Amino acid sequence: MGVVVIDGSTVRSFVEDEEQFKKTIDERFAALDLNNDGVLSRSELRKAFESMRLLESHFGVDVVTPPEELTNLYDSIFEKFDTDQSGSVDREEFRSEMKKIVLAIADGLGSCPITMALDDDEDNLLKKAADLEASKLEKKAS
């Protein structure tokens, strides 16, 4: 288990490092593209969000959300990602929406640092942002 301390500038710096951000988001996209067809279907994107349990728990406590409400929420998320309304989310659409989401997190954090405890093997965008910041600080120190 590792502990990271981040604020909005850490997260924003991660997004601004276009090469690293693109690589990270592309890796996430590839992991979600279960059938390797180069696009995310509605069900692939839903499975990704279901695995995060963002809508089925509240501060770690399971909550009961009616299935039709969950379907409406997931459909709404998919429609937000599917900007060209093609019925699937391509890599560029995914990158664009993830960038907006991560920048919104940065704005929400502002200059107030937060401390996060994460599993060492956890593949988390905020952990990647903190790791990138740490590597930059190491380079400056040496």
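1. Is Gln 85 buried or exposed? Gln 85 is exposed, because its relative accessible area is 70% and the cut-off for exposed is over 50%. The model is predicted. Gln 85 sits in the loop between α4 and β5 (89-90). Its phi is near 55°, a positive value in a residue other than glycine.

2. Asn 36 counts as exposed because its relative accessibility is 64%, against a cut-off of over 50%.

3. On the overall layout: the protein chain holds six helices and six strands. In sequence order the pattern runs β-α-α-β-α-β-β-α-β-α-β-α. Of the contacts with a separation of 6 or more, 67% link residues 24 or more positions apart.

4. On burial and surface: the protein chain has 142 residues, and 35% of them are buried.

5. Next, the core. In soluble globular proteins, nonpolar side chains tend to be buried together. Here the largest nonpolar core has 30 residues. Those with the most contacts inside it are Ile 6, Val 11, Leu 40, Leu 45, Phe 81, Val 89 and Phe 94. At least two residues of this core come from each of β1 (2-6), α1 (8-16), α2, α3 (42-52), α4 (67-81), α5, β6 (114-118) and α6 (125-141).

6. Setting aside neighbours within four places in sequence, Ile 6 is in contact with Val 11, Leu 109, Cys 112, Pro 113, Ile 114, Met 116, Leu 126 and Ala 130.

7. Now α1. Its buried residues are Gly 8, Thr 10, Val 11, Ser 13, Phe 14 and Val 15. They pack against β1, α2, α5 and α6.

8. Last, a pocket. What is the volume of the second largest pocket? The value is about 150 Å³. Its lining consists of Val 15, Glu 18, Phe 21, Lys 22, Glu 92, Arg 95, Ser 96 and Lys 99. By class, two are nonpolar, one is polar and five are charged. Both α2 (18-32) and α5 (91-109) supply at least two lining residues. The largest share, four residues, comes from α5.

Definitions and conventions:
Residues numbered from 1 in each chain as written. Predicted model: local features only at pLDDT ≥ 70, side-chain atom pairs only at ≥ 80, totals over all residues. Heavy atoms only, no water. Buried < 20%, exposed > 50% of the residue type's maximum accessible area, 1.4 Å probe, protein only. Contact = heavy atoms within 4.5 Å. 1 Å grid on protein atoms, 1.4 Å probe; cavity = no way out; pocket = protein on both sides within 12 Å on 5 of 7 lines; lining within 4 Å. Points joined across faces, edges and corners; volume = space filled by probe spheres on them. Nonpolar A, V, L, I, M, F, W, Y, C, P; charged D, E, K, R; others polar. Core = buried A, V, L, I, M, F, W, Y, C linked by side-chain atoms within 4.5 Å.
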